[in-house]
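I opened the notebook to record what I looked up in this structure. The entries follow the order in which I went through the elements.

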Amino acid sequence: MSLLEVKGVKSGYGKVSVLFGIDLYVEKGEMISILGSNGAGKTTLMRTISGVTPAAEGEIRFNGDSIRNLRPDQITEKGINYVPQEKNVFPDLTVQENLDMGAFLVDDPKDRIDKVYEQFPILKERSKQYAGTLSGGERQMLAVGCALLTNPELLILDEPSGGLSPQATQALVDKIVSINEGGTSIIWVVEENPRQVLQHTKRVYMMANGQIVKTGYAQEFLDDPDFDRLFLGQSV
Ligand SMILES: Nc1ncnc2c1ncn2[C@@H]1O[C@H](COP(=O)(O)OP(=O)(O)O)[C@@H](O)[C@H]1O
Ligand SMILES: [Mg+2]
């Protein structure tokens with residue numbers, strides 16, 4: 001049994017259909033990446049798995065249990081935490097206050113926050129700084145740190161490296177790889193600098209027009225001479 005199993009999932013917004021039957025799985029401890037050009041439906045898929053956007057059809061199972069009709073907070077409780085693409089921190093609160101908010105419903109907030117500060121020492125240094133004044137890379141680290149407060153079994157990251165420099169992306173990649181090595185499964189949605197991320201993920205799903213159009217081992221994607229063209233979505 002895989003940790004996450006998505007079968008035949010369709011969803012969208014009101015009458016607008018966006019996903020047309022998605023199948024994917026994540027094994028325990030695995031880090032996978034989702035590729036696809038802008039508008040492919042990556043965010044909608046992550047929202048659907050996390051319960052923010054309801055699935056119209058299909059099945060979503062986590063640790064064998066159906067989570068399809070659960071609310072986002074119930075899905076978090078089951079062990080999935082989702083870091084959205086945008087607005088993933090409170091800019092007018094300090095780093096510490098963001099973490100306090102994230103740990104609001106956690107049993108041992110102080111221990112969890114200390115653990116996050118250990119994983120991201122830069123956040124400790126910036127604890128009194130307003131989140132809105134952090135660099136892009138630091139802000140993503142804070143968003144990931146907040147998600148880790150609930151000690152998720154599966155962490156969903158929607159383009160955390162969007163808009164970051166290659167250096168800031170590398171710092172984030174290193175952190176996320178170490179989180180994965182600590183046992184947390186990860187779905188990483190990638191739009192920019194895919195090679196930096198794919199080197200560390202085992203398998204890849206490529207989306208276009210609300211469907212999975214290609215899946216396989218990351219190495220196969222990296223070795224494909226057409227990868228850059230495919231990735232830019234010019235031929236899928
Ligand atoms: N809130 C929304 N209401 C209606 N359509 C939306 C909404 N969000 C996204 N869409 C549409 O769904 C499609 C997929 O978008 P999205 O899932 O954000 O793709 P990606 O993350 O791959 O860029 C796009 O055509 C987009 O316009
Ligand atoms: Mg998106």
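I looked up I32 and found it opposite I187 in β8. Strands here are DSSP runs of E of at least two residues, helices are runs of H or I of at least four residues, and both are numbered from the N terminus. The model is a predicted one, where local features need pLDDT of at least 70 and side-chain atom pairs count only at pLDDT 80 or more, while totals for chains, interfaces and linings use all residues. Residues are numbered from 1 along each chain as its sequence is written, and chains are lettered from A and ligands numbered from 1 in the order in which they are written.

Entry on β3. I32 belongs to the strand β3, which covers residues 31-35. I noted that β3 pairs with β8 (residues 185-189) in the parallel sense over four bridges; two strands pair if DSSP finds at least two bridges between them. Strand β9 (residues 203-208) also runs parallel to β3, joined to it by four bridges. There, I34 has Y205 of β9 as its bridge partner.

I then asked how many of the residues of β3 are buried. Five of its five residues are, and the strand is mostly covered. A residue counts as buried if 20 or more other C-beta atoms lie within 10 Å of its own, as exposed if 12 or fewer do, and as partly exposed in between, with C-beta atoms placed from the backbone. M31, S33 and L35 point one way from β3, and I32 and I34 point the other way.

Entry on β9 and β10. I found β9 mostly covered too, with five of its six residues buried. It pairs with β10 (residues 211-217) in the antiparallel sense over six bridges, and M206 stands opposite K214. The hairpin of these two strands has two residues between them, and N209 takes a positive phi near 50 degrees in it.

G210 is in the loop between β9 and β10. Is G210 buried or exposed? I list G210 as buried, because 21 other C-beta atoms are within 10 Å. Apart from neighbours within four places in sequence, G210 is in contact with V18, L19, F20 and G41; contact requires C-beta atoms, placed from the backbone, within 7 Å. G210 and G36 are 174 residues apart in sequence, with their C-alpha atoms 9.7 Å apart in space.

Entry on the open sheet. I traced four strands in the order β2-β1-β4-β5, with antiparallel pairing. The edge strands, each pairing on one side only, are β2 (16-26) and β5 (65-66). Strand β1 (residues 4-13) pairs with β2 over eight bridges in the antiparallel sense, and S11 stands opposite L19 of β2. Helix α1 (residues 42-49) lies across β1, β2 and β4 (55-62), and it runs at about 70 degrees to β2. For that angle, axes are lines fitted to C-alpha atoms, for helices over the stretch in contact, and angles run from 0 to 180 degrees between N-to-C directions.

Entry on ligand 1. Which element gives the most residues to the shell around ligand 1? I found that α1 does, with three. Both β2 and α1 give two or more. The surrounding residues include Y13, V16, V18, K42, T43 and T44; a residue is near a molecule if its C-beta atom, placed from the backbone, lies within 6 Å of it. I sorted the shell into four nonpolar, six polar and one charged residue.

Entry on α3. In α3 (residues 95-102), V95, N98, L99 and G102 are buried. They are on the same side of α3 because they cover an arc of only 95 degrees around the axis, taken from the directions from the helix axis to the C-beta atoms. The buried residues of α3 pack against α4 (109-119), α5 and α6.

Entry on A131. I placed A131 in the loop between α5 (121-125) and α6 (136-148). A131 counts as buried because it has 24 C-beta neighbours inside 10 Å. Beyond its neighbours within four places in sequence, its contacts include V95 and N98. The C-alpha atoms of A131 and I34 are separated by 27 Å.

Notes: Two residues are in contact if their C-beta atoms, placed from the backbone, lie within 7 Å. Ala, Val, Leu, Ile, Met, Phe, Trp, Tyr, Cys and Pro count as nonpolar, Asp, Glu, Lys and Arg as charged, and the others, Gly among them, as polar.
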